[in-house]
Amino acid sequence: MKFPRRKFLRLAGSAAALPAVSRFAWAQAYPTRPIRLVIPFPPGGAFDTLGRPWADKMKLLLGTVVVENIGGGGASLGAAAVARARPDGYTILLGGTLPHVNEALLKSRPLYDPVKDLDPIAAIAANFTSIAVHPSVPARTLGEFIAYANANPGKLSYGHAGIGSTNHLTGELFKILAGTPEIVQVPYRGMGPAMTDLISGQLAMAVPAVTAQVLDFHRSGKMRVLAVTSPKRPGAPEIPTAAEAGLSGLVVTASLGLLAPAGTPIAIIEQIAQATRKVLAEENYQHMLMETGFEPITDSTPEKFRLSLAADVALWTPVVKALALKID
């Protein structure tokens, strides 16, 4: 069967265009199956509190997101599983400051390289820590507490969520900046038990995250929050920032956000980032985050999140070196 030359050229041109159209359609079709969100901690913690609502919100924007908790190794096991996954957008990590700092600085034998093996997508929220004391401590300000600690060397202790936790590192940074090296650190299996001992008077000081519960304890007189490590005052405007209280270097932000295996297509990373920003623009979602103690990050991009994580590692490098700290 013969075709006129003009018709033949038209059909040939259409056939040649098919592969490009197919590739474009394939890229635009993402996702075509459920996305796996790995949370590198056991169920019930702060990462779960953030990750599961995000996954629910993504149903209308990206489709089904299946949450999988892979705890162990200070977040190493779950994060390493994502770092080794196929970079196709179907396996992503809820990571951030803690897993990044742990693997970059605190591991003698890291399971992955957090900079080279993971590509940031977007930060979702930040949380901050506080310097809190038992009401029996005769100090109403951070300056008064520092003076009291120096007058009672070796007699005070503070509780934190475990060696290498953001709470622990913040407590040690406070001691360095305040010149109070003899405050004894007491590790716990999470901040819950440490808070219990602070309220009961077993501890003089603790470094809890700024949450609605902590602020309620402060207002009810069960503990006294002397300062927060955030750049601005929290929901309780009577509590100063550490910088306002005289420790300008004690500004500590722990971010939580999404990362993908290195090499994930930029278009997919941007699609997930855009969906995340869309959800974060919702007032009810922001309110939910703030109610659980998080500060929403509404304008994050892959590059902003990358720079934020690099700044976290730079902040903690001298502290970890000064403590000669390793957690494996």
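Student: How many salt bridges does a search of the whole structure find?
Tutor: The model examined here is a predicted one. Side chains of opposite charge can pair when their charged atoms come close. A search of the whole structure gives a total of 13 salt bridges.

Student: Which residue meets Glu295 in a salt bridge, and where does that partner lie?
Tutor: The side chains of Glu295 and its partner, Lys232, are joined at 3.9 Å, N to O. The pair links distant parts of the chain, 63 residues apart. Glu295 belongs to strand S11, whereas Lys232 lies in the loop between strand S9 (224-228) and S10.

Student: Is Lys232 buried or exposed?
Tutor: The cut-off for exposed is over 50% relative accessible area. Lys232 has 54% relative accessibility and therefore counts as exposed.

Student: What is the distance between the closest N and O atoms of Glu244 and Arg233?
Tutor: Both residues lie in the loop between S9 and S10, so their pairing ties together parts that are 11 residues apart in sequence. Arg233 is partly exposed, at 37% relative accessibility. The closest N and O atoms of this salt bridge are apart by 2.9 Å.

Student: Which strands stand at the edges of the sheet?
Tutor: The open sheet has six strands in the order S2-S1-S3-S10-S4-S11, with mixed pairing. An edge strand here has a single partner strand, so one side of it is left without a neighbour in the sheet. The edge strands are S2 (65-69) and S11 (295-296).

Student: Which residue in S3 is the bridge partner of Arg36?
Tutor: Strands S1 (residues 35-39) and S3 (residues 91-96) run parallel and are joined by three bridges. The partner of Arg36 in S3 is Thr91.

Technical notes. Residues are numbered from 1 along each chain as its sequence is written. This is a predicted model: local features need pLDDT of at least 70, side-chain atom pairs count only at pLDDT 80 or more; totals for chains, interfaces and linings use all residues. Side-chain values use heavy atoms; hydrogens and water are left out. Two strands pair if DSSP finds at least two bridges between them. Helices (H or I, at least four residues) and strands (E, at least two) are DSSP runs, numbered from the N terminus. A salt bridge is a side-chain nitrogen of Lys or Arg within 4 Å of a carboxyl oxygen of Asp or Glu. Buried means under 20% relative accessible area, exposed over 50%, partly exposed in between (1.4 Å probe, protein chains only).
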